[in-house]
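Please look over the sequence and the structure shown here before reading on. The briefing below takes up a few topics in turn.

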Amino acid sequence: MDWDWQYTWDEVLPALLDGLVVTLEVTVLAFPLALVLGLVLTMLRRSRRWYVRHPVRWVIEFIRSTPPLVQLFFVFYAVPLLIGLRLSALVTGVVVLGIHYAAYLSEVYRAGIDAVPRGQWEAATALNIARAHTWRSIVLPQAIPPVIPALGNYWISLFKDTPTLLAIGLLEILTQAQRLGASDFKYVEAITMAGLMFLVLAYGSSLLVRYLERRYGTVERVV
Amino acid sequence: MAQSNASSDDARPDARYIVEFRKVSKSFGETQVCRQLDLQVEPAEKLAIIGPSGSGKTTILRVLMTLEDIQSGYVIVDGEHLWHMERRGKLVPANEKHLRSMRTKLGMVFQHFNLFPHMTALRNITEAPMSVLGLDRAEAEERARELLDMVGLTDKADEHPSRLSGGQQQRVAIARALAMRPKVMLFDEVTAALDPELVGEVLNVLRKLAEQTDMTMIIVTHEMGFAREVADRVLFFFDGQIHEEGTPEKIFTEPERERTKAFLQAVLQH
Amino acid sequence: MSVFTDNIDTFLDGAWVTIQVTVLSALLGGVFAVLAGIGMLSRRRLVRTVSRVYMEVFRGVSALVLMFWMVFSLPLLLDIRLSAFTGAVLALALNIGAYEAEIVRAGVQAVPKGQWEAATALNLSATQRLRRVILPQAVAIMIPPWGTMTIHLLKASALVSLVQVADLTARANLIRVPQPESTVALYTGLLVIYFVLAQLIAALFNWLERRATVGRA
């Protein structure tokens, strides 16, 4: 077959760039949600109350070990029946990926927090510092910086998971490519370009994260 | 390693020696660990090498075992070049095949034992004879059990290394190296990683080997009493060179050079 | 819950496809991973470069995009027929293999240097060193992260439903359309099934880990 450059330039690229905007929207909205929710999950998981600690652990485990795609269907099709409110594809995508990655990030935070020596907690107790304050001004400032590169890697993973949102019709990169492919039967140009777009952005970002790793050191990744 | 003529004087093997270093130099980045080192070892000789840590004495053994290469000079083992081979009358850097044929002459025992943790003691000893020398299982196991007897671990054949004490592991490691029947055995600080109460059992095995075999033994050690007792000759190694050498009597009772005196004073004090 | 009992055959068929997809791409991906992981440690520059490029490319391209490319583009490009099932398995294998290659490399490098040296001192050949001394120890190190990746693969296997492979997820979607009232039960049940399968994989790898470290500290 011959690669149609004209078509690639006139049709594929503009459509994919439209898709890219949507993809980045999801990525930029979902990740902060994951960052905050992940931290909350981590802290709940270390709660002194077992009836908080145990359920939270299982919820994290459940979210982590079920497919984001099925979670997407659940939120898109089942949740509206439960709450009587229809969510847009964008909101569904942000919520599902945000929650899914919160479960991953809670593991990352945990690794960072476990790396803070016990003596730091003990010293805080000895100084009679309140638990909330210990978290905020003693433990987290030591636990977070070393895990920054790992967080960066998950951000890239989240970006690479956004094509899943094709399943609920969100017009992200892959959906755009698929629509073009189907209407003009130019799958090769459309999907290859979509792949290249992901490759360039993901690889470029990973170089940035590796630079951060060299600067700040690294904590073992969980996934 | 530069090419040079095989017949030039400084490269021709000398039949009197089993190990020779000729003007060997080696450095790691800025630090030079061997400077133009010359060293001869006679067959069946028991040579002890002493000296401050970081002086490069372990490097001599690692170069001989082909774990580190050299930057210039020649190393000759049993009449053949170790790091070079002859190609059309010229000496060229050795390839892996040449190194493998040379390694059959050498065996090494390490400071940290380096036993294979996923194999039993017996399997540690039979592995190389079976896969390298081509012995069948029965022969290899017979050889291994004899060696385990010799090091006093007859009943530990089926234990994994993690179930053995440091001293026991090191004795298995000695048996493992002996199973390959090398002409030259290299001992690299073999008691340095052991708890003090376990040092004796390992030294006893070495003592027995030194007395009962005509194997050439090169022993890098911090155990001065032991060196004095078993060695035919002691080298004091300092700053990448042999600073002083002689019989144990001479080195330990009347060392000539200041550095040697200072070193011996420091280590013998405790 | 009658939606499950009414459609039990459909679910079993779908589960069987999900298991096939997961197992086949796990095995094939394992082969890619070992080749590329050891390749990255090769003395030959070309082998190292090829392995690294494989790893970067197939990690960089999103799994689903790769799958679409395999199923929709590749057949056009090469003018061949490739079933959606084959294309999907190939895509998942290439993707997971690229991640696992890094596990292989790290596992091999985690074996202490003294083990290589002892194997060299005993005059084992390069292949024997790797096969008999290093890999058995590296595998023990690799098992836990490999288990995590396999669960990841199970989750990613649901993506095959988007290229018309009739796995569990695809069958559930098919049932939803004529029976919208069962949507909540259907997807809840589906999540639970995946959760149980993931726990089985976790148990399998725990067992493997115990076996691989038997007799050791």
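**The sheet of chain B**

In this predicted model, chain B holds an open sheet of six strands with mixed pairing, arranged in the order β9-β10-β11-β4-β12-β13. The edges are taken by β9 (106-109) and β13 (241-246) of chain B, and because each has a single partner strand, one side of each is left without a neighbour in the sheet. From one strand to the next, the twist averages 20°.

- Strand β10 (residues 184-188) and strand β11 (residues 216-220) of chain B run parallel and are joined by five bridges; within this pairing, V184(B) has T216(B) in β11(B) as its bridge partner.
- Helix α5 (residues 166-178) of chain B packs on the sheet, where it touches β9 and β10 of chain B, and its direction makes about 175° with that of β9(B).
- Helix α6 (residues 196-212) of chain B also packs on the sheet, touching β4 (46-50), β10 and β11 of chain B, with a direction that makes about 150° with that of β11(B).

**How the chains meet**

- Two pairs of chains touch, and of these the pair formed by chains A and C has the most contacts.
- Chain A and chain B, by contrast, are joined by no contact, and their closest C-alpha atoms lie 23 Å apart.

**A buried residue in chain A**

- Q176(A) belongs to helix α7 (residues 173-184) of chain A, and this residue counts as buried because its relative accessible area is 12%, which is under the 20% cut-off.
- When neighbours within four places in sequence are left aside, the contacts of Q176(A) are with A15(A), L16(A), D18(A), G19(A) and L171(A).

**Positive phi values**

- Most residues other than glycine have a negative phi.
- D239(B), which is not a glycine, has a positive phi near 55°; D239(B) is found in the loop between β12 (233-238) and β13 of chain B, and with a relative accessible area of 40% it is partly exposed.
- Q164(C), likewise not a glycine, has a positive phi of about 65°; Q164(C) sits in the loop between α7 (126-157) and α8 (168-176) of chain C, and at 67% relative accessibility it counts as exposed.

Key. Residues are numbered from 1 along each chain as its sequence is written. Chains are lettered from A and ligands numbered from 1 in the order in which they are written. This is a predicted model: local features need pLDDT of at least 70, side-chain atom pairs count only at pLDDT 80 or more; totals for chains, interfaces and linings use all residues. Side-chain values use heavy atoms; hydrogens and water are left out. Two strands pair if DSSP finds at least two bridges between them. Helices (H or I, at least four residues) and strands (E, at least two) are DSSP runs, numbered from the N terminus. Axes are lines fitted to C-alpha atoms, for helices over the stretch in contact, and angles run from 0 to 180 degrees between N-to-C directions. Contact means heavy atoms within 4.5 Å. Buried means under 20% relative accessible area, exposed over 50%, partly exposed in between (1.4 Å probe, protein chains only).
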